[in-house]
Amino acid sequence: MTIHSDDLVQITNWIGGLSASMFGAYDALTGSGTVWHGLTMAYCGVALAYTTGSFQDYLRRRDTRVVTHLAGNPGSSLPQICAATGLHKDRVGSSLQRLIADGLVLSESGRSYRLTR
């Protein structure tokens, strides 16, 4: 099982967000701090956990852009994919790693990429 860095970010956001919101709710209800401090922390935790889903949607859209380019341009190199999609090489590299691990993309000599058949 491969865990990608993007997945770790999602897991960390969920754990951190839910923990912060639970601590904030506890703080607001027990009165160990100020009510506003606790409510603010709870709100921030919920916001962090909520944005995790939109981050995952962003990853799917990014991967789709890479796959779409490779569908029309098999054998593209990393710089070519970056130029065509407008994405930074680190982002394209992350997408390619995930797509290769999922069996959707093949790396040809580590220099060019194409979709599997």
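**Exercise 1. Find which backbone oxygen the side chain of Ser-76 reaches, and describe the surroundings of Ser-76 in this predicted model.**

Solution. 
- Step 1. The side chain of Ser-76 reaches the backbone oxygen of Asn-73, at 2.6 Å.
- Step 2. A polar contact also links the side chain of Ser-76 to the side chain of His-69, at 3.0 Å.
- Step 3. Place Ser-76 in the chain: Ser-76 sits in the loop that lies between helix H2 (35-72) and helix H3 (78-85).
- Step 4. Check the accessibility. The relative accessible area of Ser-76 is 4%. Buried means under 20%, so Ser-76 is buried.
- Step 5. List the contacts, leaving aside neighbours within four places in sequence: Ser-76 touches His-69, Leu-70, Ile-81, Arg-111, Ser-112 and Tyr-113.

**Exercise 2. State how many salt bridges a search of the whole structure finds, and describe each pair.**

Solution. 
- Step 1. The search of the whole structure finds two salt bridges. As background, side chains of opposite charge can pair when their charged atoms come close.
- Step 2. Asp-63 and Arg-98 are both buried.
- Step 3. The other salt bridge is between the side chains of Arg-114 and Glu-108, with an N to O distance of 2.5 Å.
- Step 4. Arg-114 has a relative accessible area of 22% and is therefore partly exposed. Glu-108 is also partly exposed, because its relative accessible area is 30%.

**Exercise 3. Determine how strands E1 and E2 run and what joins them.**

Solution. 
- Step 1. Strand E1 covers residues 105-108 and strand E2 covers residues 112-115. The two strands run antiparallel and are joined by four bridges.
- Step 2. For one of the partners, take Val-105: its bridge partner in E2 is Leu-115.
- Step 3. Look at the turn. The hairpin of E1 and E2 has three residues between the strands, and Ser-109 there takes a positive phi near 60°.

**Exercise 4. Name the residues that make the nonpolar surface patch of about 270 Å².**

Solution. 
- Step 1. The patch is made by Leu-8, Ile-11 and Ile-15.
- Step 2. Take Ile-11 from this group: Ile-11 lies in helix H1 (residues 5-30).
- Step 3. The relative accessibility of Ile-11 is 41%, so Ile-11 counts as partly exposed.

**Exercise 5. Describe the protein as a whole.**

Solution. 
- Step 1. Count the elements: the protein has four helices and two strands. Along the sequence they follow the pattern α-α-α-α-β-β.
- Step 2. The protein has 117 residues, and 32% of them count as buried.
- Step 3. Among contacts with a separation of 6 or more, 51% are between residues 24 or more positions apart.
- Step 4. The accessible surface comes to about 7500 Å², and 62% of this surface belongs to carbon and sulfur atoms.

Technical notes
Residues are numbered from 1 along each chain as its sequence is written. This is a predicted model: local features need pLDDT of at least 70, side-chain atom pairs count only at pLDDT 80 or more; totals for chains, interfaces and linings use all residues. Side-chain values use heavy atoms; hydrogens and water are left out. Buried means under 20% relative accessible area, exposed over 50%, partly exposed in between (1.4 Å probe, protein chains only). A polar contact is a pair of N or O atoms within 3.5 Å; within protein, one must be able to donate a hydrogen and the other to accept it, and residues adjacent in sequence count only if both atoms are side-chain atoms. Contact means heavy atoms within 4.5 Å. Patches are made of residues with over 30% relative accessible area and no salt bridge: like charges are joined within 9 Å, nonpolar side chains (Val, Leu, Ile, Met, Phe, Trp, Tyr) within 5 Å. Accessible areas come from the Shrake-Rupley method with a 1.4 Å probe; for residues, only the protein chains shown count as cover. A salt bridge is a side-chain nitrogen of Lys or Arg within 4 Å of a carboxyl oxygen of Asp or Glu. Two strands pair if DSSP finds at least two bridges between them.
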